[in-house]
Amino acid sequence: MSSIFIVLFGLVGFSFGWFVYSKFIAEKIYRLDPNFETPAHRFEDGVDYVPTNKFVLWGSHFTAVAGAAPIVGPAIAVYWGWLPALLWVTFGSIFFAGVHDFGALWASNRHDAKSIGALSESIVSTRVRSVLMIIIFLLLVLVNAMFATIIADEMIIYPESVFPAWAAIPVAVAVGVLIRKKINLLAISIIGVAILYFTIYIGSLWPLALPGDIFGLQEHGNWIILLYIYAGIASMLPVWLLLQPRDYINGAQLVLGLFVLYTAVLFTMPDVAAPMINDVAEGTPPIFPILFVTIACGALSGFHGIVSSGTSAKQLDNEKDARFVGYLGALGEGSLALITIVAVTGSLYASSVAGGWDAIYPTITGGPGATGFIAGGALLISEGWGISLTFAQTMLAVMVVLFAGTTMDAGLRLTRYIIQEWGNIYNIEPLKSNYISTFVAVGACLLLAFGVSNGNYPGDGGTLIWPVFAASNQILAAMTLIVISVYLIKLGRPAKYLIAPTVFILFMASWGGAWYVMSYVNSGQWLLVIIQAAVMVSSIFIVLEAWSVYSKLGREDAAAGGDSAASSSE
């Protein structure tokens, strides 16, 4: 079968999601009000609260939520077969991720741009706020530790990506300054992306590597330390100076990259080399529920709710932009996950390795992950566009590194926000400081990255974190959907379009989390056991608290109805 059918299925589904379903959600459920004064205007400070053009904010939001996860997750999950991955990416993006990301952005906008954890206090209860903020903090630390490892791996495997990845920083700063001066956005975008691609060309000719003795660690460990130093500094800079333009220009680069990849599929029409449903090796984790936590970003991700309510809500210029930024951002990520499925299952990639697809994917843990996307996607681009394979590989490696890097930028900034919110809630003055809260955030991430080891190199803890991140991430998505649902019920609006996805993903994520707890117990990874178990126990508490609020609202409605009936009979 030709890969073009996978592409058509996904894109037709995404078109329905944008033109039909998201419009219905915006008008009938969230009921966006263009006259509502957003927190970006109400609290504008030029640092975190900055009213932003919706196209710039979409780029910033998209790349912050994308990271490497919509590449890594599908590249692992296709081991079960391309059909389950395709169905979850498509329907997950439309009915799960879209309403989740969009809803978190809208709800935060209505609550002074508070994080989903902080705003849960006024929607559900103070106890839920306390517990949910702990879950969010743990998830952010997991994300940062995991993505630092992914970036370090890709920079070592593809040293051609090093120069363009770091050159993107001054390009982003220049873009940020020019946008601030209100220079024509289209012109800035074209020039910025052109410069970025020129640096990719230079990188393809000039691979770079770190010396091994910078911090007395191996090359992986050195990169991880440098990445945290950078992310710590970046997280304290005004959002318009680096984070926002870096994400925006990376978003523009991704749109161009996706165009090149999708048209390459049209040009080459590769067959699907992978089985529709794979006869997996003995000992493989079960497709139910593990598929639904392996593909998180690209179908549904709790991390998106943190970004929507943590940074994007502080930059929303007009409430009506929430649909464009939140829902379309989710579909953009789904598009990246979709092309990843095509890249790693296509005949071009399979034919490049002796033994074909079965040799590339001997087991679910033996698959290539992000490296498979780079290798398979580069073959598509090289064959379809006649571009050199080295340049195509560098282009996609830079895409992975920059996405993971922007997620680290946003993730560390969000971790700082959580710590500062704790400082405000509990009146702990030191934690209110940008510098101290950032130091605490970086320290927590380094502790996890270097405190959990896979035995390969210093700082390799991120290689073990994907499963616990995945299950915890989906549990957080369910918790976010619960908070939004309760808010809708309080407003007297239908919540069934969120409750149905909530029940499904909560069941799958809890089941998956329990499976991974047993796996970590058997391997003796007790820190990961504690983190996963804490998230699962906390989720049970939040569900019970939300049910208590829902029951109370039902009793109040019944009492009000009874009083009204009594009055009428009199």
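1. The side chains of Asp48 and Arg413 form a salt bridge, with 3.0 Å from N to O. The two residues come from distant parts of the chain: Asp48 sits in the loop between H2 and helix H3 (54-66), Arg413 sits in helix H18, and 365 residues separate them. The model is a predicted one, and the points below should be read with that in mind.

2. Are Asp48 and Arg413 buried or exposed? Asp48 is buried, because its relative accessible area is 13%, and buried means under 20%. Arg413 is also buried, with a relative accessible area of 0%. Through salt bridges that share partners, Asp48, Arg413 and Arg416 are joined into one network.

3. A second pair to look at is Arg42 and Asp112, a salt bridge in which the closest N and O atoms are 2.7 Å apart. This pair, too, links distant parts of the chain: Arg42 belongs to helix H2 (residues 39-42), while Asp112 lies in the loop between helix H5 (82-109) and helix H6 (116-123), 70 residues away. Arg42 is partly exposed, at a relative accessible area of 31%, and Asp112 is partly exposed at 33%.

4. Which residue pairs with Glu429 in a salt bridge? The partner is Lys432, and the closest N and O atoms of the pair are 2.8 Å apart. Lys432 is partly exposed, with a relative accessible area of 27%. The count of salt bridges comes to eight. As a general point, side chains of opposite charge can pair when their charged atoms come close.

5. Helix H19 covers residues 434-451, which is 18 residues. From first C-alpha to last, H19 reaches 25 Å, close to the 26 Å expected at 1.5 Å a residue. At the start of H19, a side-chain oxygen of Ser433 comes to within 3.2 Å of the backbone nitrogen of Tyr435.

6. Where do the buried residues of H19 lie around the helix axis? The buried residues are Ser437, Thr438, Ala441, Val442, Cys445, Leu448 and Ala449. They cover an arc of only 130° around the axis, so they are on the same side of H19. An α-helix has 3.6 residues a turn, so residues three or four places apart point the same way. On the other side of H19, the exposed residues are Tyr435, Phe439, Leu447 and Gly451.

7. Leu256, Phe259, Leu266, Phe267, Met269 and Trp385 make up a nonpolar patch on the surface. Together these residues have about 600 Å² of accessible area. Helix H11 (residues 243-268) gives the most to the patch, with four residues. Phe267 lies in helix H11.

8. Asn318 is in the loop between helix H13 (302-310) and helix H14 (321-345). Asn318 is buried, with a relative accessible area of 17%.

9. Leu396 is found in helix H18 (residues 389-425). Leu396 is buried, with a relative accessible area of 0%. Between Leu396 and Glu282 there are 33 Å in space, C-alpha to C-alpha, and the two are 114 residues apart in sequence.

Technical notes
Residues are numbered from 1 along each chain as its sequence is written. This is a predicted model: local features need pLDDT of at least 70, side-chain atom pairs count only at pLDDT 80 or more; totals for chains, interfaces and linings use all residues. Side-chain values use heavy atoms; hydrogens and water are left out. The expected span of a helix is 1.5 Å times one less than its number of residues. Buried means under 20% relative accessible area, exposed over 50%, partly exposed in between (1.4 Å probe, protein chains only). The arc is that of the directions from the helix axis to the C-beta atoms. A polar contact is a pair of N or O atoms within 3.5 Å; within protein, one must be able to donate a hydrogen and the other to accept it, and residues adjacent in sequence count only if both atoms are side-chain atoms. Patches are made of residues with over 30% relative accessible area and no salt bridge: like charges are joined within 9 Å, nonpolar side chains (Val, Leu, Ile, Met, Phe, Trp, Tyr) within 5 Å. Accessible areas come from the Shrake-Rupley method with a 1.4 Å probe; for residues, only the protein chains shown count as cover. A salt bridge is a side-chain nitrogen of Lys or Arg within 4 Å of a carboxyl oxygen of Asp or Glu.
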